[in-house]
Amino acid sequence: MKKILFASGLVVILFLSSCSSYYYATLDSTDRTGAKNMHGDFVIENDTLTILYSFHGENAPVYVTVYNKLEEPLFVDW
């Protein structure tokens, strides 16, 4: 009888200790030069280029899109 109680108590402890937590984070900016588009990407735009960056997805990967509006080549030093 004691073995059954011990085993069932051990199973209950293991069952309750294996809970996992999930976290949800959001990112926003108060930068006056940038704005957000309808997809939630941050946008910086002027007469020569447009830069879009976002952090959507698991583990917040950084996505950067650089669009050149001029006919001249654009060099980006990452």
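Author: The accessible surface of this predicted model comes to about 7,600 Å² for the chain, and carbon and sulfur atoms hold 62% of that.

Reader: How much of the chain is buried?

Author: Buried residues account for 8% of the 78 residues.

Reader: What pattern do the helices and strands follow along the sequence?

Author: Start with the parts, then take their order. The chain has one helix and four strands. Along the sequence they read α-β-β-β-β.

Reader: In what order do the strands lie in the sheet?

Author: Trace the pairings from strand to strand. Here the four strands form an open sheet, ordered E1-E2-E3-E4, with antiparallel pairing. E1 and E4 (63-68) are the edge strands, and each pairs on one side only.

Reader: How many bridges join E2 to E3?

Author: Four bridges join E2 to E3, residues 49-54, and the two strands run antiparallel. The bridge partner of Val43 in E3 is Leu52.

Reader: Which side chains meet in a salt bridge?

Author: The count for this model is one salt bridge. The side chains of Glu45 and Lys69 form it, at 2.7 Å from N to O. Glu45 sits in strand E2 and Lys69 in the segment after E4, so the pair ties together parts 24 residues apart in sequence.

Reader: Where is Asp41 placed?

Author: Asp41 lies in the loop between strand E1 (35-36) and strand E2 (42-45).

Reader: Is Asp41 buried or exposed?

Author: Compare the area with the cut-off. Asp41 has a relative accessible area of 15%. Buried means under 20%, so Asp41 is buried.

Reader: Which residues does Asp41 touch?

Author: Set aside residues up to four places away in sequence. Asp41 then touches Ala35, Lys36, Tyr53, Ser54 and His56. One of these, His56, also has a polar contact with Asp41. That contact joins the two side chains at 3.4 Å.

Notes
Residues are numbered from 1 along each chain as its sequence is written. This is a predicted model: local features need pLDDT of at least 70, side-chain atom pairs count only at pLDDT 80 or more; totals for chains, interfaces and linings use all residues. Side-chain values use heavy atoms; hydrogens and water are left out. Buried means under 20% relative accessible area, exposed over 50%, partly exposed in between (1.4 Å probe, protein chains only). A polar contact is a pair of N or O atoms within 3.5 Å; within protein, one must be able to donate a hydrogen and the other to accept it, and residues adjacent in sequence count only if both atoms are side-chain atoms. Contact means heavy atoms within 4.5 Å. Two strands pair if DSSP finds at least two bridges between them. Accessible areas come from the Shrake-Rupley method with a 1.4 Å probe; for residues, only the protein chains shown count as cover. A salt bridge is a side-chain nitrogen of Lys or Arg within 4 Å of a carboxyl oxygen of Asp or Glu.
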